[in-house]
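Student: I have a new structure to look at. Can you walk me through it?
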Amino acid sequence: MFGLEAIDLARIQFAFTISFHILFPAITIGLASYLAVLEGLWLKTRNDVYRDLYHFWSKIFAVNFGMGVVSGLVMAYQFGTNWSRFSDFAGAVTGPLLTYEVLTAFFLEAGFLGVMLFGWNKVGRNLHFFSTVMVAIGTLISTFWILASNSWMQTPQGFEIVDGRVIPVDWLAVIFNPSFPFRLAHMATAAFVATAFFVGSSAAWHLLRGRDTPQIRTMLSMAMWMALLVAPIQAVIGDFHGLNTLKHQPAKIAAIEGHWENDGDKATPLILFGLPDMKAEKTKYAVEIPYLGSLILTHTLTEQVPTLKSFKPEDRPNSTIVFWSFRVMVGLGLLMIFTGLWSLWLRKRGTLYQSRAFLYMALWMGPSGLIAILAGWFTTEIGRQPWVVYGLMRTADASSGHSFGQMSLTLGLFVVVYFTLFGVGLGYMMRLVRKGPIINEGKEQKHGGPGRKRTPARPLSAAVEGSEDGDPHDSLTKGN
């Protein structure tokens, strides 16, 4: 069907499930740190705005965290079901790294998550803040181990091959492999930027509908400060990451650039747009800027960039895909930087919360960080092909060898179940976002008396029960 084989369906299945999964940890990482900042600011200033925002976003964090855990479990099982040869070959490295993630990050998050979500009026303020910080640290530790494992697959170090299996001989070299620091910084920063635009978009949505409260303004203000500061930093990190990739995975860079051959000893131009053709071995309709490719990738005007034709056809990544996925990521990154600068200009003019043009921009930029993460992930993973462990094991040799029919059935089931299950979860999460912060939520209350209204402790009941609290803005959310 469509010229696909069982190995192609196995790759599509893994790509499909990880594309769902990666969105949840990205928001979890950003929201956990955001919640720690909000609670810290509330403890320092006693400004109830920060407390109200904490309780609002903690519900969304809880739903997002749950979906991330469920989708992550599926990823682990796929290593054994669809990629058993890879697990047999490299399991001595990837297995312990994923185990360390569970023993450190997941146990830390699980140990303090209950206190964080349900202990606001049940434990001391300092202990509650400590729990929030521990959950935030846990998400970053989880990022550390997951990126260590994936980065090792990109730039493997610290091992020997004994009897056809990878045996680790230097765990520091395994963990801190050449691409790991850059990929860790790039992914963690991407999570912060994606969360900032998610928060900013929700604030813009409420402001466009006339809900102009201190809580909503604070959401937008904090999000735009984050975008202004972190989006340019992400661009710098990306530049260092690109230099590292050029050194260790030159074929990936050649595919990203759609660069097939050099012209004598001339500097390499940058191809802004074009259509790489893997069969014709050229990039059609190329729009080039002379010298800029060398300047960006080598920081000189003389050195040349590796070409795709310098690699065997079977060793070339699919330039048609990574050429465009990379440009989607970069284009959205530039829009993020522009949005941050626009917010600064409006802030200085005192019209940040009134400019409808900017608010619509912030609204539509809401999913930009998540889309950029997906585009970057496609670039990284497809650009590594045809290797599952770069230079050591090909993807074609890593699968379990299931039949086309088996892979078709399981892929179809995954599509149905994921869109149903996570569609409901995402719909509920967006319902919480549309509801918005509740003023004076989390304020210490006296318990007692039938019928007393209280904010529910269970995040999954928040949207239903919260609509009965007499909030004057409910009419705004019910109509949308």
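Student: Which residues is Met-116 in contact with, leaving aside its neighbours within four places in sequence?
Tutor: Met-116 is in contact with Leu-35, Tyr-54, Phe-61, His-128, Ser-131, Thr-132 and Val-135, once neighbours within four places in sequence are left aside. Contact means heavy atoms within 4.5 Å. Bear in mind that this is a predicted model: local features need pLDDT of at least 70, side-chain atom pairs count only at pLDDT 80 or more, and totals for chains, interfaces and linings use all residues. Residues are numbered from 1 along each chain as its sequence is written, and side-chain values use heavy atoms, with hydrogens and water left out.
Student: Where does Met-116 lie?
Tutor: In helix H3, residues 84–118. Helices (H or I, at least four residues) and strands (E, at least two) are DSSP runs, numbered from the N terminus.
Student: Is Met-116 buried or exposed?
Tutor: Met-116 counts as buried, because its relative accessibility is 2%. Buried means under 20% relative accessible area, exposed over 50%, and partly exposed in between (1.4 Å probe, protein chains only).
Student: How many residues apart in sequence are Met-116 and Ala-62?
Tutor: They are 54 residues apart in sequence, and 9.9 Å apart in space, C-alpha to C-alpha.
Student: New spot. Where is Val-199?
Tutor: Val-199 sits in helix H6. Its relative accessible area is 3%, so Val-199 is buried. Leaving aside neighbours within four places in sequence, Val-199 contacts Leu-31, Tyr-34, Trp-57, Met-219 and Ala-223.
Student: What about Ser-179? Which helices is its loop between?
Tutor: Ser-179 is in the loop between helix H5 (171–175) and helix H6 (180–208). Ser-179 counts as buried, because its relative accessibility is 2%.
Student: Which side chain does Ser-179 join in a polar contact?
Tutor: That of Thr-155, at 2.8 Å. A polar contact is a pair of N or O atoms within 3.5 Å; within protein, one must be able to donate a hydrogen and the other to accept it, and residues adjacent in sequence count only if both atoms are side-chain atoms. Not counting residues up to four places away in sequence, Ser-179 touches Ser-151, Gln-154, Thr-155 and Asn-244.
Student: And Thr-307, buried or exposed?
Tutor: Thr-307 is buried, because its relative accessible area is 10%. Thr-307 lies in the loop between helix H9 (292–298) and H10. Not counting residues up to four places away in sequence, Thr-307 touches Ala-254, His-259, Trp-260, Glu-261 and Asn-262.
Student: Which helix has Gly-340?
Tutor: Helix H10, residues 319–349. With a relative accessible area of 0%, Gly-340 is buried. The C-alpha atoms of Gly-340 and Met-226 are separated by 8.1 Å, though the two are 114 residues apart along the chain.
Student: Zoom out. How many helices and strands are there in the protein?
Tutor: 15 helices and 6 strands. Buried residues make up 50% of the 480 residues.
Student: How many Å does the C-alpha trace span?
Tutor: About 80 × 55 × 45 Å along its principal axes.
Student: What share of contacts joins residues at least 24 apart?
Tutor: 78%, among contacts between residues at least 6 apart in sequence.
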